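Visitor: I have a new structure open and would like to learn how to read it. Could you take me through it step by step?

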Amino acid sequence: VAINDIIIDQTNKLWVATNGQGLFHLEPENGILSHFVYNNNQTINSNIVLSLFIDQKNNLWIGTEGGGLNLFQTKSKMFHFFKQSFDNDYSISDNSILSIRQGLDKTILVSTVHGGISIFKNHLDIKRISAEALGFNYKDGQSSTILEDSDKNIWLSAGRDGLRKYNANTQQTTSFIDNPKDSSDFS
């Protein structure tokens, strides 16, 4: 089984994201293994799970390939789904989620394969920042890792195209890329 991500929740349980075999949940103290696979609306909606994140309420955020963002509320054991909708400005920006991180003010930051990023302030307030606004000017620009610094700048890895810093206040993007003529920059 190809493993894309692992995370330990607040109760010391291990979650394992796989590349085609869905999601596994292991309770190390008693060896109980649960397996979540796509088969209906009661579980994950894609068997390719790319990224995992545990929030402050011990909820599991699950980034999938093609299934969007899945949220598993551990107390109720219920799944909720966030998918891209072209006619809804408050949907997520893409259905392939590469990275999920905690931002400032309890926001959830989500980076995607093709659609830029989405910022969740709560389950109903979703802000999208397009790939173009982040300096991705070609169709397959990807941001594989996302984080927010103490000045509320959002930082994204840009694959083979360097690093991006997005200032949400000014809506300006700064690119840090390799200039072959400058040995002091990213190479």
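Guide: Gladly. Let us begin with a term: strands are DSSP runs of E with at least two residues, numbered from the N terminus. With that, a place can be named: K152 sits in the loop between β13 and β14. Keep in mind that this is a predicted model.

Visitor: How many helices and strands does the protein chain have?

Guide: The protein chain has zero helices and 16 strands. Its radius of gyration is 17 Å, close to the 16 Å that the globule rule gives for 187 residues, so the chain is as compact as a globular protein of that length. Along the principal axes, the C-alpha atoms fill a box of roughly 55 × 35 × 30 Å.

Visitor: Is L156 buried or exposed?

Guide: L156, in strand β14, is buried because its relative accessible area is 0%.

Visitor: What is the C-alpha distance between H114 and F136?

Guide: H114 and F136 are 9.0 Å apart in space, C-alpha to C-alpha, and 22 residues apart in sequence. Look for H114 in the loop between β10 and β11 (117-120). H114 counts as partly exposed because its relative accessible area is 37%.

Visitor: How many salt bridges does a search of the whole structure find?

Guide: The search finds two salt bridges. To count, a side-chain nitrogen of Lys or Arg has to lie within 4 Å of a carboxyl oxygen of Asp or Glu. One of the two joins the side chains of E29 and K13, at 3.5 Å from N to O. E29 lies in the loop between β3 (23-27) and β4 (32-36) and K13 in the loop between β1 and β2 (14-18), so this pair ties together parts that are 16 residues apart in sequence. E29 is exposed, at 54% relative accessibility, whereas K13 is buried, at 15%.

Visitor: Which residue does K152 meet in a salt bridge?

Guide: The side chain of K152 meets that of D105, at 2.7 Å from N to O. D105 is in the loop between β9 (97-102) and β10 (108-112), and K152 is in the loop between β13 (146-148) and β14 (153-157), so the pair ties together parts that are 47 residues apart in sequence. D105 is exposed, at 61% relative accessibility, while K152 is partly exposed, at 39%.

Visitor: And how do I read the backbone at K152?

Guide: K152 has a positive phi of about 70 degrees although it is not a glycine. Q171, also not a glycine, has a positive phi near 60 degrees. You will find Q171 in the loop between β15 (163-167) and β16 (172-176), and at 55% relative accessibility it counts as exposed.

Visitor: Which residues make the nonpolar surface patch?

Guide: V1, I3 and I6 make the patch, which covers about 330 Å². V1 is in the segment before β1 (3-8). With a relative accessible area of 70%, V1 is exposed.

Conventions:
Residues are numbered from 1 along each chain as its sequence is written. This is a predicted model: local features need pLDDT of at least 70, side-chain atom pairs count only at pLDDT 80 or more; totals for chains, interfaces and linings use all residues. Side-chain values use heavy atoms; hydrogens and water are left out. Patches are made of residues with over 30% relative accessible area and no salt bridge: like charges are joined within 9 Å, nonpolar side chains (Val, Leu, Ile, Met, Phe, Trp, Tyr) within 5 Å. Accessible areas come from the Shrake-Rupley method with a 1.4 Å probe; for residues, only the protein chains shown count as cover. Helices (H or I, at least four residues) and strands (E, at least two) are DSSP runs, numbered from the N terminus. Buried means under 20% relative accessible area, exposed over 50%, partly exposed in between (1.4 Å probe, protein chains only). The radius of gyration is taken over C-alpha atoms; the globule rule is 2.2 Å times the number of residues to the power 0.38.
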